[in-house]
Amino acid sequence: MIDPLKQNFLSACRENNLTISESQIRLLEKYVFLLLLHNKKLNLISRKDEENVWTRHILHCTSLLFYRKFPPAVNILDLGAGGGLPGIVFAIFHPGLRFTLLDATRKKIEAVKSMVNDLSLENVNTAWGRAEEIGKQPDYAGKFNIVVARAVAPLNKLVKWAKPFLAPLHADIPKSPDSIPVRSLVAFKGGDVIKELKQIEKIKAIKKIGILKLDLIEDEKKVIIAELNTT
């Protein structure tokens, strides 16, 4: 039986000119299966979202790629990866980029590691620990070009946590108008973000803030892209 919500996801990709191969579709299908399997034991996604995983989660993550591209050869951290969203989805679409999925809950990151292994995603690493502590370690501090986060914490906390992970600017990374800038925090947000934006507008670490409105099937979501200064 054809899943209509998966078909909605595929239609949205086609309508937004996002190329998706048959092998990527199969990986996403397997990921959905594994995510729901692990969700029986762990609270990786809301139980009420299980039937809508293709739209509430897979499409939600993928929709960023309708509007922005990751620059080539960047190293990306998924801060608070939970069940692997959005990191695993992005890794499937971008096998040539490196992703590290970090979460403070050991059981969650163990589940993510298991899913990454089952999916044979060679471009994904996992890490367990609190962002405030991991960001100070030599293996992680200043090692990433972009930090992504979905449903993790308020923006002011995310900016504070993300900054230590970000590498200095690299002139050799190509720029384009539709690329996500390096040294950026990319935060998926729902609802009214005005209060959170006001909390971060005076933070000196922030160079520029952009807001993307994601045109989803069910409701409006936003992505905040905050470029951070080098100092």
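Biologist: Where does E196 sit?
Modeller: E196 is in helix α9, residues 194-200. Helices here are DSSP runs of H or I with at least four residues, strands are E runs with at least two, and both are numbered from the N terminus. This is a predicted model, so local features need pLDDT of at least 70 and side-chain atom pairs count only at pLDDT 80 or more, while totals for chains, interfaces and linings use all residues. Residues are numbered from 1 along each chain as its sequence is written, and side-chain values use heavy atoms, with hydrogens and water left out.

Biologist: Is E196 buried or exposed?
Modeller: Buried, because its relative accessible area is 18%. The cut-offs are under 20% for buried, over 50% for exposed and partly exposed in between, with a 1.4 Å probe and protein chains only.

Biologist: And what does E196 touch?
Modeller: A153, P154, L155 and K189, leaving out residues up to four places away in sequence. Contact means heavy atoms within 4.5 Å. With K189 there is a polar contact between the two side chains, at 3.0 Å. That term covers a pair of N or O atoms within 3.5 Å; within protein, one must be able to donate a hydrogen and the other to accept it, and residues adjacent in sequence count only if both atoms are side-chain atoms.

Biologist: Switching to the sheet, what's the strand order?
Modeller: β3-β2-β1-β4-β5-β7-β6, an open sheet of 7 strands with mixed pairing. Two strands pair if DSSP finds at least two bridges between them. At the edges are β3 (124-128) and β6 (206-214), each pairing on one side only. Ignoring direction, neighbouring strands are turned by 20° against each other on average.

Biologist: What does α3 touch when it packs on that sheet?
Modeller: β4, β5 (184-190), β6 and β7 (221-228), and the direction of α3 makes about 155° with that of β4. Axes are lines fitted to C-alpha atoms, for helices over the stretch in contact, and the angles run from 0 to 180 degrees between N-to-C directions. Helix α6 (residues 106-119) also packs on the sheet, touching β2 (98-103) and β3, at about 165° to the direction of β3.

Biologist: Why is α3 largely enclosed?
Modeller: Because 9 of its 10 residues (53-62) are buried. Among them are W54, H57 and L59.

Biologist: Back to the strands: which way do β1 and β4 run?
Modeller: Parallel, over 3 bridges, with β1 at residues 75-79 and β4 at residues 146-150. L77 has V147 as its partner in β4, and D78 has V148 there. On the β2 side, D78 is partnered by L101, and 5 bridges join β1 to β2 in parallel.

Biologist: What handedness does the unit of β1, α5 and β2 have?
Modeller: That β-α-β unit is right-handed: with the strands pointing away from the viewer, the path from the first strand over the helix to the second runs clockwise.

Biologist: How do β5 and β7 pair, parallel or antiparallel?
Modeller: Antiparallel, over 7 bridges. S184 has E227 of β7 as its partner. β4 and β5, though, pair in the parallel sense over 5 bridges, with A149 opposite A187.
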